[in-house]
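Visitor: I would like to learn how to read a few features of a protein model, taking the general idea before the particular case.

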Amino acid sequence: MLPAMPNPPARFAAPLIAFQRTARNGSLLRATLAFVVFNAVELGEWTGILVYAFAATGPASVGLVAVLQLLPAAVSAPFTAGFGDRHPRGRVLVATYAAQAILIAAAGAAILLHASPAVVYPLVVLLSIAQTMPRPVQGALLPELAASPGELTAANAMASIAEGIGALAGPLALGIMLVGSGVGVAFVAGGAAMLLAALLVAGAALGGGPAPSAAVADAASPEHAPDGGAPDPLLVRSAALDRRPSPGSGGDAAGALDGLRAVASDPDMALVMALLAGRLLVYGGLEVLLVLASIELLGTGASGAGFLTSVFGAGIIAGGASTVAIVGRRRLAPWLGVGALVVGVQLLLIGVMPSAGAALVLLGIGGMGMAVIDVVGQTLLQRIAPDAARARILGVLEALLLVAEALGSFLVAPVVLVLGVRGALIAFGAALPLVALIAAPRFGRLDARVVIPAREIAVLERVSIFAPVSAAILELAARSLVRVVLPAGVVVIREGEPGDRFFVLVDGMVRVTQAGRPLRELGPGGSFGEIALLRDVPRTATVTALTQVELYALDREHFLAAVTGQPRAIAEALRVAEARLAGAEG
């Protein structure tokens, strides 16, 4: 168990508590540890296959092999990510980690057995396609696992730290194994590591049950009805709601392109993706520029490029940790601009005043800026993307990031040819701040879309029916609440009338009666009206305001969508309904 936190300064108390809560969330912690392993293996494998290509098919093939991995992955990413919208996301994550374990181990075995590159390269291409799935699927899954908006931002910060750790650990582990064993052994070890990642997420509560539609449909069948009677009306209605067609549910190419259409039709989403893709374009160019700058500009030789890259990776780790300062803030979008400015300025300064010592410091700061863009951008996308297509939208992002990184690497040569190394550093450094400057007027609108209905969420969190509901679904319900203020003596709901809304009492007192007989009184935090919605029956009791009351009302559609979206929520709704029926309430 984590130790109790000391009393931090007030400005950092809430973010630090959010980080602590994230670390205590077993599912988030397991997913993050598995993500560290994935990133380390992915980056180690990327370097390892290029080393193999250099020896097996010649120096000229290295660039071709890089393209051979990037292009199929970029094309397939929006399609493979759709699995995260059509199946339980936790299971998809386990499956893709397991598939990667098999493919990378198979490639390692082929290398150890001196098989032809014609055998190794197809395995690597398949591996690169499988590696497009974890980021969008995990990104779509995090809002379901997070218990609060602050915890979601903290979870994204932990994911960014995981990428930084992977950037350091993967190449370092590969280098150590190359000294004593070779690429084949390194790949087999990577397969074992990915198996560990699969086991980590398999042991967590990551959508381990059936998909909600399957769970509801199964529970609504006659053989699951109590005492062999008719199936529960709530479950029948839930199954009908869940069987409504959703975009891309057929699994065809048109469905997989829903993510592209969603991004193209949403300027705010496109803006965030442009900044995230710009980050990877700069990063792709920087991977090559650091080698050139180290040898031609800074005088640190080829080995210096390794140190500079490591410092940049360390900066990403530090940047992920530094986002503790922005966890839970209402205004996130301007931090995209801050991150872009930090990344750009450090490259501009290295180009204007080249110095090995200054470059080490500046690159560490630049890595922090990269992490801020990543954490804030991912959090904003998760909050504005519709849940039904979130994985496919993040799949589009994954494809854009792969293309942007490849484009950045490709652009270095012509830019250096025209401007020289210093000019290329300045040009790449100016790119992100320029995009952020153009985008700045839209930051306010973007933040307005993701204002957190904190009071409404707090109201729903006090209602037991909503306790099992994920943070994303809870927020959707909270946004649909309507505030109602009524004077004393007004009948809020009347026995025998149709029910169309669920109520939560925020302030004041109400009396519940049946056939004129008082049953109980409810104060702040009390709720009523769910039985008519869950059972599709008339109101079973009358609720009258004893004082002036402040209520939040949730209409039938949004109430049923929230409580029937997950098996645990359905079970809790049924339990509450049975208890209320026993007391003849609402």
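The dialogue below turns to a sheet, a helix and a surface patch.

Guide: Please keep in mind throughout that this is a predicted model.

Visitor: In what order do the four strands of the open sheet run, and in which sense do they pair, parallel or antiparallel?

Guide: In general, strands of a sheet pair through backbone hydrogen bonds, in either the parallel or the antiparallel sense. Here the order is β2-β7-β4-β5 and the pairing is antiparallel, with β2 (491-493) and β5 as the edge strands, each pairing on one side only. From one strand to the next the twist averages 30°.

Visitor: Which bridges does β4 make with strand β5 and with strand β7?

Guide: Strand β4 (residues 510-514) pairs with strand β5 (residues 517-522) over five bridges, Val 512 having Arg 520 as its bridge partner, and with strand β7 (residues 542-545) over four bridges, where Arg 511 stands opposite Thr 544. Two residues separate β4 and β5 in their hairpin, and Ala 515 in the turn has a positive phi of about 50°.

Visitor: What span should helix α2 have?

Guide: At 1.5 Å a residue, the 31 residues of α2 (residues 26-56) should span 45 Å, and the end C-alpha atoms are 44 Å apart, which agrees. Just after α2, Gly 58 takes a positive phi of about 95°.

Visitor: Which helix gives the largest share of the nonpolar patch?

Guide: An α-helix has 3.6 residues a turn, so residues three or four places apart point the same way. Helix α16 (residues 334-352) gives four residues, the largest share, to a patch of about 480 Å² that includes Leu 341, Val 345 and Ile 426. Leu 341 is partly exposed, at 49% relative accessible area.

Technical notes: Residues are numbered from 1 along each chain as its sequence is written. This is a predicted model: local features need pLDDT of at least 70, side-chain atom pairs count only at pLDDT 80 or more; totals for chains, interfaces and linings use all residues. Side-chain values use heavy atoms; hydrogens and water are left out. Patches are made of residues with over 30% relative accessible area and no salt bridge: like charges are joined within 9 Å, nonpolar side chains (Val, Leu, Ile, Met, Phe, Trp, Tyr) within 5 Å. Accessible areas come from the Shrake-Rupley method with a 1.4 Å probe; for residues, only the protein chains shown count as cover. A salt bridge is a side-chain nitrogen of Lys or Arg within 4 Å of a carboxyl oxygen of Asp or Glu. Buried means under 20% relative accessible area, exposed over 50%, partly exposed in between (1.4 Å probe, protein chains only). Two strands pair if DSSP finds at least two bridges between them. The expected span of a helix is 1.5 Å times one less than its number of residues. Axes are lines fitted to C-alpha atoms, for helices over the stretch in contact, and angles run from 0 to 180 degrees between N-to-C directions.
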